[in-house]
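Visitor: I have a structure to go through before I set anything up. Can you walk me through the packing?

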Amino acid sequence: MAGRGTILLQWMGMAPMDGEMLERVRQEVETTFALPTHLVAVNGPPADSLEPRRGQHSSTKILRWVLTRLPPGVAKVLGITDVDLFIPVLTFVFGEAQVDGPAAVVSTARLRLTYNERPAPPTLLEVRLLKECLHELGHTFGLVHCPNGTCLMSRSNSILEVDQKRAAFCRDCRQRLRKLLEERNGS
Amino acid sequence: MKAKGSILVVDDEEIVRDSLASWLEEDGYHVDTAPDGPAALTKLAQHAYAVLLVDLKMPGMDGLEVLAQARSLQPDVPVIIMTAYATVDTAVQAMKQGAYDYLVKPFEPEELSLMVGKLTNAQALRRENVLLRKALKRQFEFKDLVSKSPKMEAVFDLARTAAKSNSTVLILGESGTGKELLARAIHAESPRQDGPFVGVSCAALTENLLESELFGHEKGAFTGAASSARGKFEIAAGGSLFLDEIGDISPKLQLDLLRVLDAREFRRVGGSQLIKTDVRILAATNRGLKKLVESGAFREDLYYRLNVIPVTLPPLRERKEDIPLLVEHFLAQSRTEMQKPLEGVSAEAMEMLMAHDWPGNVRELRNVLERGAVMARGPIITPMELELALPALLAGATPTDSPDSLRDVERKHIVAMLKQQNWNITRSARALGIDRVTLYNKIKRYQIREDE
C-alpha cells in the first residue's frame, strides 16, 4: 500500500461492511482517479463524534480523527460511515471534505432512504454512494462545487438533488480534474 | 482556482468556524474566520467581504455589536446573524441594526446555500459594475481629466482640436477646475509633445521677478544678477509655455508680452541681443478677463492676442454627474499611492459628496477624498471619514455673534490656517482647497503679514 498515489477507503460504520458493494465502489474510484485504491474496515467512528442531544455525529470531528490516523504513503483517505452526520450550524450533511486536502468523510444514513422515508433499493443506494464518494474525493483533489446541476460536483442539499445528478463529472470538471491530477503527479 | 468571493465567519466555537469554513470552501469561496468581535473587526479593516456570518451569542462583544461596528467599516456588506435562541426580540433587533437576515441554528443546508449564493452573486454584479465603470471611465478621459458631462465633453473636443494647431489657447475657469491639467493635456496631445512644458504663475511673483523669470537676464542686469540666466521663453523653446493667472500681470509686462507674441522675439533683461522664440502660449486665468479689459486693467490688444481659442472649464457644481467618476478616479490614485484596499465610498458618503457645492471645485474634492483615504479604517470610506464640514476654525465666526463681513471671515480663516500650518503655503492652500497662486493672491489682497 506504499506510494504517494494511493487512495484509501475506510469503512467505519456501526453495521458490518457491505464488502461487495464497497468493492464495486472501490473499482470505480480507482478508474476515475487512475490511482491504486484500497478498501479496509476500521473501528469507528470515534465515540466523541456523537452529539447525544442531536443523535448525530460531527463530520468535522470524524474528519479530524481520520487525519490523526493517516497511514503513511496514502494520498487521500475517505471515511465511509452509516451514522448520520452534521456540522453544528446545519441540520445534516451528506459528507465533508477538505478541499485540496488529504481527508473526506461520507455517510450512507440519508442515502438509504427514499423521499417518503422508505428504504431505498440496494442498487439505488449503491449509485448514490458512488456519487457521494467520487464527489467528496473530487474535493480532496481540489475540485469545488459545480453550477451544472447534472455534474457529480454539484452541491446536493437533498436526496432529490443527489438523484438528479449523474455519476460522472461534467466536461469542465473532468478537464479540471485531469489538470489537477497532472499537476499533482508532476510535483 | 480563483475564489468566488470572500466570506467571514465569526463564532467563538472553533468547531463551528472550522466546519462552516470547510462547508463554504467546497463551494469555492475564500473563507476567513474570527473567534471574536475584535478579531473580526481587524479582518474587516483589511479585507472586503461578500458576506459576514456572525454568531449572536459570543462572550465579550456579541453578534449585534459586531454587526454595528462592521457596518461602520464596510457599510454595504450583508451580515447574516446565526442564533440558537430564536426570540422575536433579537431577530427584530438584528434586522433593525441592518442585518441582512438571521438563521436559527441548526438550519437547513439549502437555506444557507441559497442565501449565500444570492448575496455573493449580488456582489459579483457589483464588482462587474465597477469594472464596467472603469471601462467607461477610460472613454471619458482626456489625459488626466475625467468627465462624462456634456459640458466637459465639449471642452475636451475643443481642446483636442486646439491641440493640433499652434494657436494660443486661453483657459478660463474658477480655481480648482483643472486649468493647468487641461494645459498639460493640450501640450501632450500637440505636435510639440516632445518639447518642454514650462509653467509660470504670473501672480506669485513681483513685476521685476516675473520679467526676469519670463525673459531671462544678463549678468549685472540688476542687483544680485551675478550671472546671466535663461528665461521661460527660452527654456520652453520647441514646447509650450503655460502662463497661469495671466489676468494678474502688470501693465508693463502686458506690453512686453504683447510685443513677444507679435514679433516672436525678445531681449533678456539688461540684454541687447534679440532672441527668437518658438513657443506655443497656453494662458489661464480665474478672473473675468473681459471685465478687466472693460475697466482698463488689462490691455485689449493683448486680450485679443490671447483669446484666439478660449476654453472655459465649468465649475464642479455645474457638472455634478462627474462626482462618482472623479471619486473612482481619485480613489484609484490613492489605492496605488497608499497601498490601501480602498473599494469606494459608502452610499451615504456619496450622497454627501453630491450635495456639497464645491467652491474649491475638483481640487477640493480631491483633497476631501485624499483625507478620507488616509482616515478610512476599512475599504469603504464613510461620511465621518470625509469630514466635509468646515474645520472648527470658523467656529468663532457664526453669524449670531459676529458682525464680520464675508471678506473678514475669509481673511480670518486664511490667517488662522496659515498660523496652523506655520505659514507653509503649499499645505495651507491644500487645507483651504485652493491652489497656491490663489492663496498668494488672497494674502496680497488682504495684506496678511506673517507677524500679525
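Guide: One term to begin with: two strands pair if DSSP finds at least two bridges between them. The model is a predicted one.

Visitor: OK. In which sense do S8(B) and S16(B) pair, and over how many bridges?

Guide: Strand S8 (residues 169-172) of chain B and strand S16 (residues 309-312) of chain B run in the parallel sense, with four bridges. Ile171(B) is set opposite Val311(B) in S16(B).

Visitor: And what about S8(B) with S15(B), which sense there?

Guide: Parallel, with four bridges to strand S15 (residues 280-285) of chain B. Here Leu172(B) stands opposite Thr285(B).

Visitor: Which residues cover the faces of S8(B)?

Guide: Val169(B) and Ile171(B) are buried on one side, Leu170(B) and Leu172(B) on the other.

Visitor: Switching topic. How many residues has the largest nonpolar core?

Guide: The count is 85, and Ile7(B), Leu52(B), Leu53(B) and Ile81(B) have the most contacts inside this core. Helix H1 (residues 14-25) of chain B gives the largest share, five residues. Another core, of 66 residues, lies apart from that one and includes Phe233(B) and Leu316(B).

Visitor: What does Leu53(B) touch?

Guide: Leaving out residues up to four places away in sequence, Leu53(B) touches Ile7(B), Val9(B), Val10(B), Leu20(B), Ile80(B) and Met82(B).

Visitor: Last one: at what angle do H2(B) and H3(B) pack?

Guide: About 15°, with the axes 10 Å apart. Angles under 35 degrees count as roughly parallel, so H2(B) and H3(B) are roughly parallel to each other. Their crossing is right-handed. Leu41(B) and Leu44(B) of H2(B) are among the contact residues, as are Val66(B) and Leu73(B) of H3(B).

Technical notes: Residues numbered from 1 in each chain as written. Chains lettered and ligands numbered in written order. Predicted model: local features only at pLDDT ≥ 70, side-chain atom pairs only at ≥ 80, totals over all residues. Core = buried A, V, L, I, M, F, W, Y, C linked by C-beta atoms within 7 Å. Buried ≥ 20, exposed ≤ 12 C-beta atoms within 10 Å, placed from the backbone. Helix = DSSP H or I, 4+ residues; strand = E, 2+ residues; numbered from the N terminus. Contact = placed C-beta atoms within 7 Å. Axes fitted to C-alpha atoms, helices over the stretch in contact; angles between N-to-C directions. Parallel < 35°, antiparallel > 145°, perpendicular 65-115°, else oblique. Left-handed = near helix turned anticlockwise from the far one by under 90°.
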